[in-house]
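Subject: Structure handover

Hello,

Here is the structure I promised to pass on. Please open it alongside this note, which goes through what turned up.

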Amino acid sequence: MTGGFFAALLVGSAAMTAGSTDIAHRHSARIDHHRGAIDAQYSGRVGVVYKQVGAVTPGRVPSSLRCQWQARLIVERDARHASGATMTRTMVRDRALTGSRPGWCSGAKAAIARDVAAHDAALRAHLLALAADDHDVLTAEIDRLHDRSRRG
């Protein structure tokens, strides 16, 4: 699926503030398992944390005021096994993107949103990597589920 991760950025006067985006990417996977197929849906969204650094200086002295930001990818997995069992999991990729903008964070929100949107392909690659890493976890969950049901 194409489409950007458009940042809905919430900033304030605090040293660190956070915002998140709407779910922008989805990925589906079918995993063959000896106990039956697993259909997994992965939905990703971005959370952005801002940190105001530096100081405002008087007159013609250059300001060191900057807004440092970090975007993390939050992926929700919803899976259904052929037996009807459902499994959910949340995975996070911290620091999926990082950046810095001059000035106040509150004044940089549109530029940061563009920065995040410009890296849409990298965010999608992170989502696909998290989904691939999840396959072994998901098959182990099915094995544990069926082991418990056999034991009674």
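Which residue does a disulfide join to C67? The partner is C105, with an S to S distance of 2.2 Å. Please keep in mind that this is a predicted model.

The disulfide

The structure holds one disulfide. The link of C67 and C105 is right-handed, with 105° about the S-S bond. Are these two cysteines buried or exposed? Both C67 and C105 are buried.

Overall layout

The protein has six strands and two helices. Along the sequence the pattern reads β-β-β-β-β-β-α-α. Of the 152 residues, 38% are buried. The protein exposes about 8600 Å², and carbon and sulfur atoms supply 52% of that area. Take the contacts between residues at least 6 apart in sequence: 64% of them join residues at least 24 apart.

The core

The largest nonpolar core has 28 residues. Which of them touch the most other members? They are Y42, W69, V116 and L138. Six elements are listed as giving two or more residues to this core: β3 (25-31), β4 (38-53), β5, β6, α1 and α2 (120-151). In soluble globular proteins, nonpolar side chains tend to be buried together.

L138 is worth a look on screen. Leaving aside neighbours within four places in sequence, L138 is in contact with I31, I38, A40, Y42, R77, A79 and M87. One name on that list is an arginine, R77.

The arginine

R77 lies in strand β5. Is R77 buried or exposed? R77 counts as buried because its relative accessible area is 0%, and the cut-off for buried is under 20%.

What do its polar atoms meet? The side chains of R77 and D134 are joined by a polar contact of 2.7 Å. A polar atom of the R77 side chain also lies 3.5 Å from the backbone oxygen of M87. Not counting residues up to four places away in sequence, R77 touches Q41, Y42, M87, T88, R89, M91, D134, V137, L138 and E141. Two of these, Y42 and L138, are among the core residues that touch the most other members.

That is the handover. Over to you.

Best wishes

Definitions and conventions
Residues numbered from 1 in each chain as written. Predicted model: local features only at pLDDT ≥ 70, side-chain atom pairs only at ≥ 80, totals over all residues. Heavy atoms only, no water. Disulfide = S-S within 2.5 Å. Buried < 20%, exposed > 50% of the residue type's maximum accessible area, 1.4 Å probe, protein only. Helix = DSSP H or I, 4+ residues; strand = E, 2+ residues; numbered from the N terminus. Polar contact = N/O pair within 3.5 Å; in protein donor to acceptor, adjacent residues only side chain to side chain. Contact = heavy atoms within 4.5 Å. Areas by Shrake-Rupley, 256 points an atom, 1.4 Å probe, with all protein chains shown as cover. Core = buried A, V, L, I, M, F, W, Y, C linked by side-chain atoms within 4.5 Å.
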